[in-house]
Amino acid sequence: MLLQKHVILIGPMGAGKSTIGRFISEQLTCPFVDLDKVIENRAGASIPWIFDIEGEQGFRERETAALDEVLREPPQIIATGGGCILKPENQKMLQQGITVYLVTSIEQQLERTAKDKNRPLLQAENPEDILAGLAQTRNPIYERLADIEVVTNCKPPKLVAQEILQHLSEPNHENSSS
Ligand code: S3P
């Protein structure tokens with residue numbers, strides 16, 4: 001399958017966007033890019049450092065610049081950070097691609113992010129409350145932007161990737177040319 005458009009994975013922290021994105025890119029033999037890694041490479045610093053020094057607002061500005069940059073490249077699989085859908089200008093840019101929303105329960109998110117020190121928003125006393133609050137504001141935005149929705153809970157990432165590939169091969173996504 002030759003990609004005609006970017007395939008953009010959206011969804012909350014711990015949804016498996018990077019792992020699933022890598023599987024899809026292997027299957028399609030097309031490039032994969034992790035937006036958080038682009039931000040870190042451009043900044044020469046880690047995400048916790050950026051949040052510490054520049055605050056969330058500084059991070060969001062870098063995120064918008066990185067999104068704009070990767071969307072200018074030929075079609076690829078893009079894993080975004082959970083908050084990338086917040087700014088209206090990002091929402092507009094995301095619509096250039098096929099957006100795939102990885103639907104994930106809070107329970108599953110907690111399991112997958114439990115020992116992670118790289119997500120500044122979760123370095124709080126009660127990450128469950130934080131995730132619930134974020135889900136309340138963000139889930140409606142993910143839903144609105146999604147061209148494809150796939151539930152990831154308890155499923156192996158390879159299986160989720162297969163489901164997404166199946167959706168992408170459907171003619172209504174106009175993504176294939178063989
Ligand atoms: C964030 C999610 C993170 C990263 C940053 C902020 C968010 O990416 O961009 O810590 O606002 O949800 P992942 O969704 O890949 O964890």
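Is His6 buried or exposed? His6 is buried, with a relative accessible area of 5%; here buried means under 20% relative accessible area, exposed over 50% and partly exposed in between, with a 1.4 Å probe and protein chains only. Keep in mind that this is a predicted model, where local features need pLDDT of at least 70 and side-chain atom pairs count only at pLDDT 80 or more, while totals for chains, interfaces and linings use all residues. Residues are numbered from 1 along each chain as its sequence is written, and side-chain values use heavy atoms, with hydrogens and water left out.

View 1. Helices (H or I, at least four residues) and strands (E, at least two) are DSSP runs, numbered from the N terminus. Skipping neighbours within four places in sequence, the contacts of His6 (heavy atoms within 4.5 Å) include Val70, Leu71, Pro74, Pro75 and Ile98. Glu73 is another contact, and its backbone oxygen sits 3.2 Å from a polar atom of the His6 side chain.

**View 2. Helix H6, residues 127–145, with its bend at Arg138.** H6 runs for 19 residues and reaches 25 Å from first C-alpha to last, close to the 27 Å expected at 1.5 Å a residue; that expected span is 1.5 Å times one less than the number of residues. At Arg138 the helix bends by about 40°, and Pro140 follows within four residues. The bend is the angle between axes fitted to the seven residues ending there and the seven starting there. Among the buried residues of H6 are Leu131, Leu134, Arg138 and Tyr142. Their cover includes strand E1 (7–10), helix H3 (47–71) and strand E4 (98–103).

View 3. An N or O atom in the Lys17 side chain is 2.6 Å from a ligand oxygen. Gly82 puts a backbone N or O atom 2.8 Å from an oxygen of the ligand, and for Gly83 the corresponding distance is 3.4 Å. The protein covers 95% of the 380 Å² of accessible area that the ligand has on its own, by the Shrake-Rupley method with a 1.4 Å probe.

**View 4. Leu165 in helix H7, residues 157–168.** Leu165 counts as buried because its relative accessibility is 11%. Leaving out neighbours within four places in sequence, Leu165 is in contact with Met1, Ile24, Gln27 and Leu28.

Conventions. Polar contact = N/O pair within 3.5 Å; in protein donor to acceptor, adjacent residues only side chain to side chain.
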